[in-house]
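Dear colleague,

Please find the structure below, together with its sequence. My findings follow directly after it.

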Amino acid sequence: MVSPDIGFYTNVIIACEKCERWRQALSLFHDMGETRLELDTFIYDVGIRAWASGGQWQQSLLLLDRMRASDVKLELTSYTAGIHACDETKQWQHALLLLSGMAEARLEGITISEYGVGMRALVTAKQWRQAVSLLSSLGDAKLELNAVSYSMGINACAKAEEWQQALMLFHSMIEAMVESDTTCYLAGITACQQEYGLWQQAVWLLRQMVDEQLDASLLCYTAALKACEGSAEWVQALSLLRGMRSTKVHPNIFSYNSAISACGQGAQWEWALALLTELRNTVLAPDVIATALEWWRARMAASGSRHCRCLAH
């Protein structure tokens, strides 16, 4: 009887990976362990990816340990597969350990992309200190940082409400003359929502996008409007809405809500009413608009505004 060879096992485990059948992949690895087949780096990498697709990060890391114990050389692909497993299961501590091991191994061909996976795990976990430290270590390793790397670092800081660090990273990116993109600016503008008085910085970032001929998306405008809302900057909020129309970016319910709220906080009821009327004439979700109208009716009634009756029509 012909016994299965390493090629047979590899093909079947690859099939298990594609179908997310990690239990079957694990069983096949146990079967191979009982044979005298010599496992190579490729089959180990396939197994690591198969378990990662099933959220089995522990099994993926155990397989990496097994590679070390059996003197199978860990290639760049092995580390990358393990880091992906940690990223997909939010195991940022283990991702950092693997990144450290990868750097110590001095493997050829390491690029910023491998570190980007680990950075993504830190962003998800809101580990801004580790994200900033990782960016710094990349610079020390003479790896060229790109817009994706910086935007991940800025996002990690923004999600942790560390707006000072987020803006410092953004300005570091500008000083390093890294070609920025919409994602970087969105991350920076979003960070400006977290502190009263940062609306000027948010608007400046938005204008910088226009100067650099980047497409200021709906998300960027809405994030800047949210910053203006937080500082009750109704004049600038109205200006941003006009700017959206001039650039053919259509405001959504969140854009209008921020602008209306900014007008309300500035006691600009006429403008708030005008925007509500404009909103009512749009094709946005009627139930959401009705909720907004009810909220403003209640707010103006509580303040004794003479404009309250206008909303009844």
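In this predicted model, the side chains of Asp87 and Arg120 form a salt bridge, with 2.7 Å from N to O. The term denotes a side-chain nitrogen of Lys or Arg within 4 Å of a carboxyl oxygen of Asp or Glu. Asp87 belongs to helix 5 and Arg120 to helix 7 (residues 112–124), so the pair ties together parts that are 33 residues apart in sequence. The structure holds 3 salt bridges. Helices here are DSSP runs (H or I, at least four residues), numbered from the N terminus.

Helix 5 (residues 76–88) also packs with helix 4 (residues 57–69): their axes come within 8 Å and cross at roughly 160°. Axes are lines fitted to C-alpha atoms over the stretch in contact, and angles run from 0 to 180 degrees between N-to-C directions. Helix 4 and helix 5 are therefore roughly antiparallel to each other, a description used for angles over 145 degrees. Helix 4 passes helix 5 in a left-handed crossing, that is, the near helix is turned anticlockwise from the far one by less than a right angle. On the side of helix 4, Trp57, Ser60, Leu61, Leu64, Met67 and Arg68 take part; they meet Ser78, Tyr79, Gly82, Ala85 and Cys86 of helix 5. Contact means heavy atoms within 4.5 Å. By class, this contact of helix 4 with helix 5 has 7 nonpolar, 3 polar and 1 charged residues. Ala, Val, Leu, Ile, Met, Phe, Trp, Tyr, Cys and Pro count as nonpolar, Asp, Glu, Lys and Arg as charged, and the others, Gly among them, as polar.

Helix 12 (residues 199–211) and helix 13 have axes that come within 8 Å and cross at roughly 160°. Helix 12 and helix 13 are therefore roughly antiparallel to each other, and their crossing is left-handed. Trp199, Ala202, Val203, Leu206 and Met209 in helix 12 meet Cys220, Tyr221, Ala224, Ala227 and Cys228 in helix 13. The residues of this contact divide into 10 nonpolar, no polar and no charged.

As to confidence, the mean pLDDT (the predictor's confidence in each residue, from 0 to 100) of the protein is 78, and 81% of its residues reach 70 or more. Confidence is highest in helix 13 (residues 218–230), at a mean of 91, and lowest in helix 17 (residues 286–303), at 54.

Residues are numbered from 1 along each chain as its sequence is written, and side-chain values use heavy atoms, with hydrogens and water left out. Local features need pLDDT of at least 70 and side-chain atom pairs count only at pLDDT 80 or more, whereas totals for chains, interfaces and linings use all residues.

Yours sincerely

Note on methods:
Helices (H or I, at least four residues) and strands (E, at least two) are DSSP runs, numbered from the N terminus. Angles under 35 degrees count as roughly parallel, over 145 as roughly antiparallel, 65 to 115 as roughly perpendicular and the rest as oblique.
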